[in-house]
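Please look over the sequence and the model first, then read on.

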Amino acid sequence: MKSKQIDQTGDAESAQTSLTRRDFLRLTLIAAGAIAVGRVVPVQAGRGTTARYPLRIPPAATANNNSSLTAAPGSADLGGGKYSNVLAYNGYFPGPTFRANNGDSASIQFTNGLSEATSIHWHGMIVPTAADGQPQDLVSPGASYAYQFPIMQRACLNWYHPHPHMATGKHVVLGLAGAFIINDAEEAALGLPSGAYEVPLILRDANFDSAGNLIYNPTSSGFLAKNPMVNGTRDPYLSVDATVYRFRVLNGASARLFKLALSNGAPFTLIGNDGGLLETAVQVSQIEFSPGERLDLLIDFRGLASGATVMLQDLKAGWNLLEFRVTGAPGGGTIPTGTLSTITKLSNPVTTRVFSFDGMTRINGKEFDLNRIDFQVPFGQTELWRFKTNGNAPHPIHIHGASFQVKSRTGGRGVLFPWEQGWKDTVLLNDRETVEILIRFDGYRGRYPMHCHKLEHEDQGMMLNFEVI
Ligand SMILES: [Cu+2]
């Protein structure tokens, strides 16, 4: 019942054909009868030319012994009342938002209702190799596997998604992704906006076929789609009180960078990123971030009149991502000042390793091999890892098994940004850049991967395994 299927040969074979249109159709056409989610509330005239639809808020779930998660074809109202074929977790697109407290134990019984092998990786979460959903450890169609891990890290926004080698891009782009929020006492003491005032935002882009179904039609350089989506909603709006909101933002795109800004020129108050709270809040008016990275943002709607609108925009593509509509009574709310958290700086690395992200498929000249472990890292040892590239960026570099601290960026953009402070698990390496991080694996011994989180680069082999010993 709780069998783990590891079948490298069969997997690689199915993955090689996984990017074909025929396979995509096979996956999507069996969506008939799947669970429909979402609800339509058409926008009335007078709001401009673009009809906008209520932002979907994924349902909440707790990660305890009774948790279960099924990946299967489904259908979702992406806005506009017409249902689209997607891949869904528990029938939801995006999947349920899990919540757990630091110190809890998670046990999530996963069932693969797809027609091909997949896994769940808990991006950002420090878990044992057996629970990490790595490309070697796939769950066959129809099989189940219990992902079991203690929650042993500070409050932060993580996310979960499939990680099957050569098919991660397809599974994620067709819909399999969800948020996983960890809470702790330090965060609770800050009294940050919560409940309806704490909103996860999963940003991505999407392409559709003529019937409006999600499709995955990447090029080797990456899947850059034509339409923005937030929480699986096209052209969304969110009604907000005139108060302070906390947005937990994930770049859930396959290859696209977003540069966020507000249409009224107001700044975001940045309070955290991948690995949780920063030491202090920072006001920033534009934020560029890459696939896999997260932001913890406060937006202050106080002082805005009822009926006012503010657009969350992407300045790179010129997209209107999400319209905030100020309604209801003015609320209170505060922006925290002073110390949010204390972050102990990693220092005095004993080993330096250099990784060159080359072309669209290689790290240090090698493509990913499920069976190869490239190096060993002593448990508890602080190391400096230097990332370089000879082009084809952006390369958002993601490491499993530990959080890290970004030490420097030279060349290219040449600076570190406020959202790269604190603890990270994904860092953007752009063309002509060298990025250095400090990392220490003090969670578990075992095998973990590092890879480019542009999913098309990852699927083509820009990934390696290392072992913490
Ligand atoms: Cu890359």
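## Terms and basis

Rings of Phe, Tyr and Trp (its six-membered ring) count as a pair if their centres lie within 6.5 Å; planes under 30 degrees apart are stacked, over 60 edge-to-face, and the rest tilted. The model is predicted, and local features need pLDDT of at least 70, side-chain atom pairs count only at pLDDT 80 or more, while totals for chains, interfaces and linings use all residues. Residues are numbered from 1 along each chain as its sequence is written, and side-chain values use heavy atoms, with hydrogens and water left out.

## Aromatic cluster and nonpolar core

Ring pairs join Tyr89, Phe98, Phe110, Trp122, Tyr145, Tyr147, Phe149, Tyr160 and Phe180 into a cluster. In total the structure holds 26 aromatic pairs.

A nonpolar core is a set of buried Ala, Val, Leu, Ile, Met, Phe, Trp, Tyr and Cys residues joined through side-chain atoms within 4.5 Å. Buried means under 20% relative accessible area, exposed over 50%, and partly exposed in between, with a 1.4 Å probe and protein chains only. The largest nonpolar core has 42 residues, of which Leu69, Trp122, Tyr147, Phe149 and Phe180 touch the most other members. Among the elements that give two or more residues to this core are strand 4 (67-77), strand 9 (144-150) and strand 12 (198-208). Strand 5 gives the largest share, four residues. Strands (E, at least two residues) and helices (H or I, at least four) are DSSP runs numbered from the N terminus.

## Ring pairs across the chain

Phe301 and Phe324 form a tilted pair, with 5.0 Å from centre to centre and 55° between the planes. Phe301 sits in the loop between strand 21 (294-300) and strand 22 (309-314), whereas Phe324 belongs to strand 23 (residues 319-330), 23 residues apart. Phe301 and Phe324 are buried.

Phe355 and Trp385 are also paired in a tilted way, at 5.2 Å centre to centre and 55° between the planes. Phe355 is in strand 24 (residues 351-358) and Trp385 in strand 27 (residues 382-389), so this pair ties together parts 30 residues apart in sequence. Both Phe355 and Trp385 are buried.

## Charges over rings

A charge sits over a ring if NZ of Lys or CZ of Arg is within 6 Å of the ring centre and within 35 degrees of the ring normal. Arg325 lies over the face of Tyr237, 3.9 Å from the ring centre. Arg445 lies over the face of Phe379, at 4.3 Å from the ring centre.

Two strands pair if DSSP finds at least two bridges between them. Five strands form an open sheet in the order 25-24-27-31-29, with mixed pairing. Strand 25 (362-363) and strand 29 (404-410) are at the edges with a single partner strand each, so one side of each has no neighbour in the sheet.

Strand 24 and strand 27 pair in the parallel sense over seven bridges. Val354 has Arg386 as its bridge partner in strand 27.

## Copper site and cysteines

Donors are N, O and S atoms within 2.8 Å of the metal (3.2 Å for Na, K and Ca); water is not among the atoms, so sites may look incomplete. His395 (ND1), Cys452 (SG) and His457 (ND1) coordinate the copper ion at 2.0 to 2.1 Å. Along the chain, its donors follow the spacing H-x56-C-x4-H. His395 lies in strand 28 (residues 395-399) and Cys452 in strand 32 (residues 446-452), 57 residues apart.

His395 is buried, and Cys452 is buried with a relative accessible area of 0%. Cys156, at 2% relative accessibility, also counts as buried. With a disulfide taken as a pair of cysteine sulfur atoms within 2.5 Å, the count is zero disulfides.
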